[in-house]
Each structure stands twice: as C-alpha cells, then as structure tokens.
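Trainee: I would like to learn how to read backbone features. Can we go through them one at a time?

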Amino acid sequence: MMLIDHIHWIGLTDETTEWTWKYYPSEKIAEFLNWHPSQPEKGTKSNCAAINSGYNYQYVDEPCTKQYQSICELANVNIT
Ligand SMILES: [Ca+2]
C-alpha cells in the first residue's frame, strides 16, 4: 500500500447528506471547519475531508477510497 504523506484524513464525511459534514463514526456534526477557499469542490464525487499541506494545511474534499494516513484525537491517558 502506498501512503501519501502530504494529505491526512481527519475523520469528516458528508457521505450521508451532501454539505453536512459529520465525524465518523459518531455522526456528530462538525462545529469547526477549516476549508481551503477553493474547497470543497468535488460534490458527491468526494465525501471525505482531509488536511493537505499543499493547501496551507486546510481542508480539502477527497474520494473516501483514497489511501491516506489518518490523524486521530485520543483521550488524555496516563501511560506509566
Ligand atoms: Ca461531498
């Protein structure tokens, strides 16, 4: 599998309702969006959001089938 490291999934999708961006799998509607001014641009052809270093680390919409690495938020845990 080839990974492309300048784009990372951030867990947002508008697959169920176009233009309504929700976190997967919780389906919580995103309260913060940071789209690049040219994005999202691909409508129903691209239903997953990613950050892209080539777009000032702002959001771009991409087809969900692309094989990018993900950025995840974890609970603050005490590792000892
Ligand atoms: Ca879309």
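This is a predicted model: local features need pLDDT of at least 70, side-chain atom pairs count only at pLDDT 80 or more; totals for chains, interfaces and linings use all residues.

Trainee: Is tryptophan 19 buried or exposed?

Mentor: Tryptophan 19 has 7 other C-beta atoms within 10 Å, so it is exposed.

Trainee: Where does tryptophan 19 sit?

Mentor: Tryptophan 19 is in the loop between strand E1 (4-13) and E2. Look at its backbone too. Its phi is positive, about 80°, although tryptophan 19 is not a glycine.

Trainee: What is the phi of tyrosine 57?

Mentor: Tyrosine 57 is not a glycine, yet its phi is positive, about 60°. Find this residue in the loop between E3 and strand E4 (58-62).

Trainee: How many C-beta neighbours does tyrosine 57 have inside 10 Å?

Mentor: The count is 12, so tyrosine 57 is classed as exposed.

Trainee: Now the peptide bonds. Which residues does the cis bond with omega of about 0° join?

Mentor: That cis bond joins tyrosine 24 and proline 25. Proline 25 belongs to the loop between strand E2 (22-23) and strand E3 (48-52).

Trainee: What is omega for the peptide bond from glutamine 39 to proline 40?

Mentor: Omega is near -15°, and this bond is cis.

Trainee: Where does proline 40 lie?

Mentor: Look between E2 and E3: proline 40 is in that loop. Proline 25 is found in the loop between these two strands as well.

How values were computed. Residues are numbered from 1 along each chain as its sequence is written. Helices (H or I, at least four residues) and strands (E, at least two) are DSSP runs, numbered from the N terminus. A residue is buried if 20 or more other C-beta atoms lie within 10 Å of its own, exposed if 12 or fewer, and partly exposed in between; C-beta atoms are placed from the backbone.
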